[in-house]
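Let's take a walk through this structure together, one piece at a time. Keep the model in view as you read.

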Amino acid sequence: MKISITMAKKPKLKRPIMICAWPGMGDVAFRLAVYLKDKLKMEEFASLQAADLFPPTGVWVDNSVIQLPVPGEGKFYYYKNKPGLSDLVVFISNAQPLLELCGEYIWRILSLGKELRIKRIFTFAAMPAPIDHTAEPGVLFSSTDKKINDELESAKLGLRALKSGQVSGLNGLMLGFAKEAGFEGVCFLAEIPLFALQMENPKASLAILKKLSSLLTITVDVSGLVDQAKFMEQEIEKIIEFINNPEQQPPPPIGEDEIDKIKKSLNLYTKLPQSAREKIEKLFGEVKNNVSKAGELKKELDNWSVYKEYEDRFLDLFKKPKAESQNN
């Protein structure tokens with residue numbers, strides 16, 4: 001398994017803090033990190049390649065020509081903060097690797113962190129909650145040490161400690177490995193509505209960014225995320241209005257200008273993170289050999305609100321083969 005880091009330059013940093021982000025529920029972590037990188041005009045200095053950890057699960061069709069997707073790639077960026085404040089290093093990957101094989105992948109990131117003398121690592125995640133899409137998301141935290149918990153609680157940023165639970169995917173696993181390697185680790189989790197798990201949630205990213213910028217003393221223009229959050233809220237309102245009033249005349253076809261505006265504004269679409277889809281496929285395979293795991297599969301489908309998408313396949317798991325049915 002080939003994993004490599006290519007470093008174009010080694011930046012000289014003072015008391016650097018690292019932020020790591022991968023796509024996940026609500027795209028909260030990934031969108032926040034990309035936004036922060038763009039607004040602070042951070043400079044790329046290294047990249048991580050691990051093609052073996054990103055096996056293709058489908059193909060792309062472009063101009064009627066089929067091609068394999070490009071493996072996920074991670075990139076490192078840095079930002080020189082004001083004198084007296086900690087500099088930032090941000091690692092962003094556009095996809096999550098195979099979780100069961102990600103140990104060496106994470107150690108490579110942490111090794112670079114040690115080389116840069118990083119002490120603390122931040123990750124972000126979404127926390128499904130019974131809240132309305134118009135509500136201001138609460139932000140919870142979890143860390144690798146009780147002293148850090150006390151520090152965050154005393155900072156009076158309006159954060160709530162996560163007493164128990166799970167942070168799935170690389171945005172959670174990274175901190176488990178980081179703790180073993182001697183790093184301090186913090187995860188900020190923003191609430192997202194239970195009914196919108198598969199939709200991008202810029203309001204949750206914005207809620208975390210406000211807490212983070214106060215904690216790290218960085219100035220970031222958040223107007224872009226504010227606009228995206230408003231746009232998403234309006235789109236959800238349209239969906240709710242249509243559900244509550246199905247007898248209304250459907251809206252006219254969307255014109256090309258509006259389609260282009262939507263794409264540029266938010267890239268809004270319902271999607272299932274690659275890591276979640278891979279877990280579901282793995283569970284389907286396990287249920288074929290052990291039907292007692294069907295409950296675990298059903299729970300996973302319900303957690304992501306995708307049971308309807310997989311319903312026929314799920315029910316097929318319990319159908320007897322024709323030959324067997326005829327013999328019984």
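**A serine in a helix**

Ser-205 lies in helix H5, which spans residues 202-216; helices here are DSSP runs of H or I with at least four residues, strands are runs of E with at least two, and both are numbered from the N terminus. Before going further, note that this is a predicted model, where local features need pLDDT of at least 70 and side-chain atom pairs count only at pLDDT 80 or more, while totals for chains, interfaces and linings use all residues. Residues are numbered from 1 along each chain as its sequence is written, and side-chain values use heavy atoms, with hydrogens and water left out.

Back to the serine. With a relative accessible area of 1%, Ser-205 is buried (buried means under 20% relative accessible area, exposed over 50%, and partly exposed in between, using a 1.4 Å probe and protein chains only). Setting aside neighbours within four places in sequence, Ser-205 is in contact with Asp-27, Val-28, Arg-31, Leu-32 and Leu-225, where contact means heavy atoms within 4.5 Å.

Now move to strand S11 (residues 184-193), where you'll find Pro-193. Its relative accessibility is 6%, so Pro-193 counts as buried. Again leaving out neighbours within four places in sequence, Pro-193 is in contact with Ala-129, Ile-131, Asp-132, His-133 and Asn-201. Pro-193 and Thr-134 are 59 residues apart in sequence, yet 9.4 Å apart in space, C-alpha to C-alpha.

Strand S11 also belongs to an open sheet of 9 strands with mixed pairing, in the order S1-S3-S6-S7-S2-S8-S11-S9-S10. At the edges sit S1 (4-7) and S10 (160-161), each pairing on one side only; two strands pair if DSSP finds at least two bridges between them. Have a look at S6 (residues 73-79) and S7 (residues 88-93), which pair in the antiparallel sense over 6 bridges. There, Tyr-78 stands opposite Val-89 in S7.

Next up is helix H10 (residues 307-316), whose buried residues are Tyr-307, Tyr-310 and Phe-314. Why are they on the same side of H10? They cover an arc of only 80° around the axis, the arc being that of the directions from the helix axis to the C-beta atoms. An α-helix has 3.6 residues a turn, so residues three or four places apart point the same way. Turned away from the buried side of H10 is a face that carries the exposed residues Lys-308 and Asp-312.

Val-61 counts as exposed because its relative accessibility is 56%.
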